[in-house]
Amino acid sequence: MVSYIRRILRNIWLFLANLPMERKLIVVFVFLVSIPITYVSYLTSRSMVNSVLVNATESASQMTSNASDTIDRYIADLKRYTALPLYNTDVQFYLEQKITDWDKNTKLDMFLSYLHHTKEEILAVYLVDRYGSVFYNRDPGINQLFPEEQQMEWKSLTEAAGVAPVIQGRHTIHVNSSEQREVFSILRTVNSVNTLKKIGIIAFDVDINLFKGIIDPVNAVTQGNTLIVDNKGGLIYDDAVNGEQADKKLSLNTQQLLKKATQPEGHFQMDLDDQSYLVVYTISKQTGWTTLVAIPEDRILSPVEKNRNTLLFTTLVIVAFALFVATVISHALTKPLKSMVRLMKQVQHGNLDVWLHPKYNDEIGMLGSHFNRMIIRVKDLLQEVSVTEKRKQKADMRALQNQINPHFIYNTLESIRMLAESNDDPRVAKLTYLLGLQMRYSITRSDETVTVKHELEHVKNYFHLLQIRFPDKFKLEIEVPEVFLSLPMIKLVFQPIVENAVFHGLDQKEGPGMLMISAKFESGHAVFCVEDNGVGMDENTLISLNNSLIDGATGEKFGIGLRNVNERIRLHYGSAFGLRVESELGIGTRVILRIEDPSTKAGEE
């Protein structure tokens, strides 16, 4: 599984890595700008939703708590009214009187009328005496009551409650043969203050619509539906039940709502028939009734929905605008790179007459400037190669000119040597023989590789020729260690240097001259020194000579021998190698020759 994920990530990375630079910049923008902006917008929208829900919950909780407190105060007043028969001696007397006469009816009706008018929501007040007779006072709109239907329920409730008042939940009373009213009742057992025995029951029927005045402000503020449920789960009040435009789903799912109301007060969210509700509730400590406000979440969030849509639209506009700007900027950034790639392709096909015109001094502009400098450098290198090739051709031409048909000269010298020997002239014969060796050594290509030993032997043969012509004039010393003799090098290197030393240094010197060839290793290179004690040269002449060796200037001021050797060494070993001349006027000249040691080069590789 891990390897599979790695493979997928690698493929994604390769896909992104192979995209053009312009698309890469757009992808980077999408990940670094668009996604964070979208995420922040999402968090903002979610925070707005949570904030609105919290505020709605707090507001609904406060309203529900106030409504519950109002109901508790109302019920508490009714409970206090049920205790009034205990303090009225006439009522106490007539409740124990078995005979019902005019006085009894009058006194009890006056008392009941007083209780009836204490609260306008009270529809009727009942007194049941010790012998089961029922006395009541009712609203003018009620033609007839049927209290006999309720006596068994009253008796059962009051006996269970003892002397405490008890609340009878929502129920229906018949006010005439065809009309009914929805009420809840407050009941209490009336005991004799003297004997403490039960002498009757008092009951209040309270119109259920009294809750409308309490609940309507709650619904108006919360935009929800309020339910009042008694401690037994019975529905006390609901707008839907009372003919108002309310959500009947709530009254049908009262038990489901109560299961979630586990604390004295709180809130929860609930889904009913694909609609979400925020339910806030309060359980009364006095009555045990639960007051619930169920608010459809779409009503709460409808303003937020508008703000969220506006925020979403604004975010999309900003992202689209930023994406457009990023596309323009990425195109502007990559346009010089595309131009450079196009020019590189032209250079690849051999066209060096190209030039990039950077407009700015940023990294891309610097890259364009370096590209232009690279083109200039390539042209310079090609020009240098061309000049070097021409120099090589001239050097080869000079070598050919210096050979002057050595085969013909060698054959002529051989004939002279044989003639000298036949005439018994050994000096001429030897001279001719040595000159023939010199010519034989020059017959082959001048760039042929020989050993240092062969080069030194060629120098010795040349020096023997000089000693025959100029006896005791020149002396040669070779102090080259054995380790140097097997080193390879191009031919005809030492002899032109020695010849230059003889004819420009030693020949002009009075008396015998000394020429010495030595060798040493220095920084991994083989360094040879050809030194004479001739007339030397002044400083200006020395500087001009070394400059001509460095830049390869043509001209005949210093002859072609040293320049020819220097050019061939540089062509063969590289521009870091060649000849360097040191000289002091009247003391002598030293020519230093530096070549590469092949063994050192092989070790480095």
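This is a predicted model: local features need pLDDT of at least 70, side-chain atom pairs count only at pLDDT 80 or more; totals for chains, interfaces and linings use all residues.

Colleague: Why is Phe 324 called exposed?

Modeller: Its relative accessible area is 54%, and exposed means over 50%, so Phe 324 gets the label. Phe 324 lies in helix H9.

Colleague: What else is there to say about H9?

Modeller: H9 has a kink of about 40°, centred on Pro 303. Just after H9 comes Gly 350, with a positive phi of about 100°.

Colleague: Which residues other than glycine have a positive phi?

Modeller: Leu 492, with phi near 60°, and Ser 523, at about 55°, are among them. They stand out because most residues other than glycine have a negative phi.

Colleague: Are Leu 492 and Ser 523 buried or exposed, and what makes them so?

Modeller: Leu 492 has a relative accessible area of 15%; buried means under 20%, so Leu 492 is buried. Ser 523 is at 68%, and with the exposed cut-off at over 50%, Ser 523 counts as exposed. Leu 492 is in the loop between strand S13 and helix H15, while Ser 523 lies in the loop between strands S14 and S15.

Colleague: How do you know that Leu 210 is buried?

Modeller: By the value again: 9% relative accessibility against a limit of under 20%, so Leu 210 counts as buried. Leu 210 is found in helix H6. Not counting residues up to four places away in sequence, Leu 210 touches Tyr 74, Glu 121 and Phe 184. Leu 210 and Tyr 74 are 136 residues apart along the chain, yet their C-alpha atoms are separated by 9.9 Å.

Colleague: Asp 139 is buried too. Why does Asp 139 have no salt bridge?

Modeller: The nearest side chain of opposite charge, Arg 181, is 5.1 Å away. Asp 139 sits in the loop between strand S2 and helix H5, and leaving aside neighbours within four places in sequence, Asp 139 is in contact with His 116, Ile 122 and Leu 123.

Colleague: What makes Glu 96 and Arg 130 a salt bridge, then?

Modeller: Their closest N and O atoms are 3.7 Å apart, and the cut-off is within 4 Å, so the pair counts. Glu 96 lies in helix H3 and Arg 130 in the loop between strands S1 and S2, so the pair ties together parts that are 34 residues apart in sequence.

Colleague: Why is Glu 96 called partly exposed?

Modeller: Its relative accessible area is 27%. Buried is under 20% and exposed is over 50%, with partly exposed in between, so Glu 96 is partly exposed. Arg 130, at 45%, is partly exposed as well.

Colleague: How many salt bridges does the structure hold?

Modeller: The structure holds 13. One of them joins Arg 580 to Glu 582, with the closest N and O atoms 2.5 Å apart. Arg 580 and Glu 582 are also linked with Glu 531 and Arg 590 in a network of salt bridges.

Notes: Residues are numbered from 1 along each chain as its sequence is written. Side-chain values use heavy atoms; hydrogens and water are left out. Helices (H or I, at least four residues) and strands (E, at least two) are DSSP runs, numbered from the N terminus. Buried means under 20% relative accessible area, exposed over 50%, partly exposed in between (1.4 Å probe, protein chains only). Lys and Arg count as positive and Asp and Glu as negative; His and the chain ends are not counted. Contact means heavy atoms within 4.5 Å. The bend at a residue is the angle between axes fitted to the seven residues ending there and the seven starting there.
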